[in-house]
Amino acid sequence: MNQDFQKPFATPPTIFTVALLLGIGLGLLFPWPVLAWPIQATLGPPLVLAGILVIRQSIRDIQAAGTTYDPFDVSTALVTSGIYRRSRNPGYLGLALIQLGFAILLDNIWIVATGLIAVIVTTRCVIQLEERKLTDAFGASYTAYMKRVRRWI
């Protein structure tokens, strides 16, 4: 495997954090409330929790396979079990769920908009690089996995 793969300009947690903060700032400057408090309180926290749990499970599945969760490090195993049977990028999916949960909890449509931008940036600038890295490392096994399991959900 070529260990000198092109690295993304930022990590997904950084991309989503910047998007969240930008959305919060836009919401303060240009408030646009659309949800009733019961909806915010009922849907927001469970989505944040779901995102955290998805990330936690993705870390556990990677560690159980004996490889690294660090996308900048060399992957020593292709993980296709556990939560990775449903999503090739459950950690990034978890970040998106957290972003959506905060958007609902704070009734901030701007967080939704910046979250969508974070998903697009993560897909184009991180996931596609990782897919090339993993294809180089695992060849036909990874290609077959890509055909069976979606990027996000």
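This is a predicted model: local features need pLDDT of at least 70, side-chain atom pairs count only at pLDDT 80 or more; totals for chains, interfaces and linings use all residues.
Contact here means heavy atoms within 4.5 Å. Residues are numbered from 1 along each chain as its sequence is written, and side-chain values use heavy atoms, with hydrogens and water left out.

**View 1. Ile111 and the residues it touches.** Skipping neighbours within four places in sequence, Ile111 is in contact with Leu20, Gly23, Ile24, Gln99, Phe102, Ala103 and Leu106. Ile111 itself sits in helix α4, residues 109-148. Helices here are DSSP runs of H or I, at least four residues, and strands are E runs of at least two, numbered from the N terminus.

**View 2. Ile111 and its cover.** Ile111 counts as buried because its relative accessibility is 0%; the cut-off for buried is under 20% relative accessible area, with a 1.4 Å probe and protein chains only. Across the protein chain, 38% of the 153 residues count as buried.

**View 3. The Ile111–Leu20 pair.** These two residues are 91 positions apart along the chain, yet 5.8 Å separates their C-alpha atoms. For the chain as a whole, take the contacts with a separation of 6 or more: 78% of them come from residues 24 or more positions apart.

View 4. The protein chain has 4 helices and 0 strands, running α-α-α-α from the N terminus. Its C-alpha trace spans about 50 × 30 × 25 Å along the principal axes.

Definitions and conventions: Buried means under 20% relative accessible area, exposed over 50%, partly exposed in between (1.4 Å probe, protein chains only).
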